[in-house]
Amino acid sequence: MTQIPRQQEIRSFDDRRDIVIPGSTEKTLTYCVEHFISIGNEAIATHGMFCVALSGGSTPKTIFQGLSSATNQSRLDWKRVLLFWSDERSVPPNDPESNYKMAMDAGFNKIPIPKQNIFRMPADSDDLPEAAKAYEKLIIEHVPEKTFDLVMLGMGEDGHTASLFPKTHALHTDEAERLVVANFVPQKNTWRMSLTFNCINAARHIAIYVLGKGKAGMLKHVLTSPYDPDTLPIQHIGTRQHKALWIVDDEAAQDLLKQERR
Ligand code: 6PG
């Protein structure tokens, strides 16, 4: 395992994962915003559009706020941006729990993205498995080669990511080609809709945002304990061809750095 320096440089953690530790929470959030804008511009320059799957959670919220600031808004050609979601809770779009509502309220409502470029996950549908198939169709229709330019992810305190929770059905979806699934999460006694490992791991860029000291223990656990994605689903993110980039602030990195110093 490579030594992890506390600096803005991206380093290889292992053959499926890169890591960057930009510094304080503020610096890390700035890094996340810059990273988003740079991948967006690169995608637009390469193939004329930027297809991104947004995540729920507290960190992305701050990133979305940053993106919608007056200065940042003008740094991306938003007409060419297609917004999808990496997961959604089974609530209507105006519910405070909705990942769609969070992203729109945090910033995307202020940004001039054409309405037809915004693809909310309809996880409030009465027939969630069918709705997941319909969302998958939308991805196939609108996202070239079914390959997102960027999938944004967070890490839950139990090691879940998107709505791929420990020991849930979606971790073992037998249809290897599926991009989106409905997933019952017994831990929360609720249904979710989520991109699959297959879809996430095919993305050109995968960003996992881990900020705050509350995440320090789990971050170290996930990155250093033996591979067991049934218990720690986020361990399955990243492949040799499409490495995941872990963007981590000082506080979240503290246990990992302690271990490296020993
Ligand atoms: C959700 C998510 C989920 C989230 C993590 C981290 O809908 O809840 O998409 O996977 O990203 O739980 O969330 P925080 O950033 O709030 O810790």
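The legends below describe views of a predicted model of one protein chain.

**View 1. The whole protein chain.** The chain has 8 helices and 10 strands (DSSP runs numbered from the N terminus: H or I of at least four residues for helices, E of at least two for strands). Its C-alpha trace spans about 50 × 45 × 35 Å along the principal axes. Of the 262 residues, 54% are buried (under 20% relative accessible area, 1.4 Å probe, protein chains only).

View 2. Mean pLDDT (the predictor's confidence in each residue, from 0 to 100) is 94, and 95% of the residues score at least 70. Over residues 1-5 pLDDT stays under 50, and the model has 14 contacts for them beyond four places in sequence (contact: heavy atoms within 4.5 Å). Where pLDDT is low, predicted coordinates should not be read in detail.

**View 3. The surroundings of I113.** I113 lies in the loop between α4 (99-108) and α5 (128-142). The residue is buried, with a relative accessible area of 7%. Apart from neighbours within four places in sequence, I113 contacts W78, V81, L83, F108 and I118.

**View 4. I113 and Y227.** These two residues are 114 apart along the chain, and their C-alpha atoms are separated by 40 Å.

**Notes.** Residues are numbered from 1 along each chain as its sequence is written, and side-chain values use heavy atoms, with hydrogens and water left out. Local features need pLDDT of at least 70, and side-chain atom pairs count only at pLDDT 80 or more, whereas totals for chains, interfaces and linings use all residues.

Note on methods: Buried means under 20% relative accessible area, exposed over 50%, partly exposed in between (1.4 Å probe, protein chains only).
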